[in-house]
Every structure is written in structure tokens, then in C-alpha cells.
Amino acid sequence: MKKNVFSRRQLAVPYAIFLFLFVIIPLFVLIYFGFTDENGRISFANFLHFFGSGKTIGTLLYSIVIALCTTIFCLILAYPVAFFLAKGNFGRKQVWIMLFVLPMWINFTLRITALKEILTVLEGNLAYHPFFNTVLCMVYDFLPFMILPLYQALCKLDNSLIEAALDLGASEFQVFYKVVFPLSIPGIISGVTMVFLPSMTNYVVLDMVYNSTYIMGSLIGSYFSSYDWNNGSVISVILLLMICAVTLLSERFTKQEQIEKKSVLK
């Protein structure tokens, strides 16, 4: 037998170099500017400015509201679609999946521009409301990222569990509430993570649909555009800490769900 030309460690070298150049170094730069002042001295004034300014706190709260609305609407729309794709009895299932994933292949700017033109054609004040436009465009952009994790989780669901619940006299609602929904929670967590966190910083939608600086991504961009790297970096660090906290909580929740499932099966 021929030996492998490259070992596993050698194959990991390109990824390690990429990780160091494009992840570790940028994070180090953000942390450096976030914890220093204009003269390069260590300072926590940037954090005090963030939490002491009504503009930044208001922007953070508005970003959270936008992200929550986007995530909720994506979950409401994506769950029936994912369940239909995973458990539906129809042919050419891969074609239907491709139709829902196809928007991800189209350029983001082109998609938002097309949706913007549709909104301008519609009559009424609702079509020109900035909050409505923002949530609608965010849902349109992130909906596939919610469908795919849910679809994968529901595909792993054993149909015999549903049949057993129905045979034991459970109604369709009870089957969904006590069997299908709990077993699909890992997919829901993955989808929520993939939608909630990016929608807090996706300022491109606001710039294209409604020119404003309401969400955190817009605020970060405005600071860096004015060469205020310190305040821009500290906001990035705070968002990074929020992402880490949400990821750890979701991972802990997923592990707890797996432990409860094993205890029930035993």
C-alpha cells in the first residue's frame, strides 16, 4: 500500500495560514484599537462612550428590534417550507430545494435593487415605510439561511415517531408540539443564529432601500469612514462578544436537549 503523500497536519497548514492572516490578525487589530485611545494608550474610554451615548444605545436597540423581527418572520415562513420539503410525498424534491436556494446564487445587490423597484411601484404609505422596507428586505435576503438548517433537522426526524404518536391517539397538533417541534430545535437554533446575528449588521439593505444609519453595521461604517478606528473597533468588539455569548448559549441549549433525548429513550 502506498503511503499518503501529505499527513493530516500538513494538510491543515494552508487553513492555519488563512486563519492567522484573515481572522487572528484582524481580531488583534480590532482589540488593539478598541482598548486604546488616539495616542495609542490603553483606555476604556471607548466603552464608556458607547454605553454612555444615547445614539449608540438607541442604534443597538433598534438593531436588535430589526434582527428580532427578521428572525421571527423568517422562522414563521421557513418552518412550513422546510417541513414540506423534508416530509412531503412528491417527486423531484431536489428541484424544489434548488428553487428555494436559487436566490442565494444571485448577486445580493441585484436582488435588493429588484425588490426596491417593486416597492416603489406599490401604492400606499406602507410600501415606503423604512421599518417595513428593512424587515422585508432582510427576510428576503436571509430566508434561505433559515430554511436549510430546518430542512436538515427535519430530514433526520424518524417518521416512525410520528406514526407511533398518531397510533397512541395524539392529534396532529399534539404530534407537532410534542414530537416534531422539540426534535427540530437544533435546526431552529442554527437558523436563528445564522439570521439574527448578520441582520444586526447588514447595513447594505438600509443604504440601498432607505438611506440611514440606524443599525450597528451602519454606525461602524460611519466611524471607520471618518477614520475614527477606536470607536468603530470597540463596537465591533462588543458585537463579537455578543456573537460569542449567543453561540455559547445555543451550544449549551443543544447539548441539554441531547441529554434530555437520551434520558427519554432510556
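How many helices and strands make up the secondary structure of the protein? Colour by secondary structure and you'll find 13 helices and zero strands; these are DSSP runs numbered from the N terminus, with helices (H or I) of at least four residues and strands (E) of at least two.

A quick note before you click on: this is a predicted model, where local features need pLDDT of at least 70, side-chain atom pairs count only at pLDDT 80 or more, and totals for chains, interfaces and linings use all residues. Residues are numbered from 1 along each chain as its sequence is written, and side-chain values use heavy atoms, leaving out hydrogens and water.

Next, select serine 199, which sits in helix H10 (residues 185-199). Serine 199 counts as buried because its relative accessibility is 0% (buried is under 20% relative accessible area, exposed over 50%, partly exposed in between, with a 1.4 Å probe and protein chains only). Show what surrounds serine 199: leaving aside residues up to four places away in sequence, it touches Ile66, Ala67, Thr70, Met138, Phe142 and Ile215, where a contact means heavy atoms within 4.5 Å. Now look at phenylalanine 196: its backbone oxygen is 2.8 Å from a polar atom of the serine 199 side chain.

Last stop: pick Tyr32, Phe33, Phe224 and Trp229, which form one aromatic cluster. Of these, tyrosine 32 is partly exposed, at 41% relative accessibility, and phenylalanine 33 is partly exposed too, with a relative accessible area of 25%.

Technical notes:
A polar contact is a pair of N or O atoms within 3.5 Å; within protein, one must be able to donate a hydrogen and the other to accept it, and residues adjacent in sequence count only if both atoms are side-chain atoms. Rings of Phe, Tyr and Trp (its six-membered ring) pair if their centres lie within 6.5 Å; planes under 30 degrees apart count as stacked, over 60 as edge-to-face and the rest as tilted.
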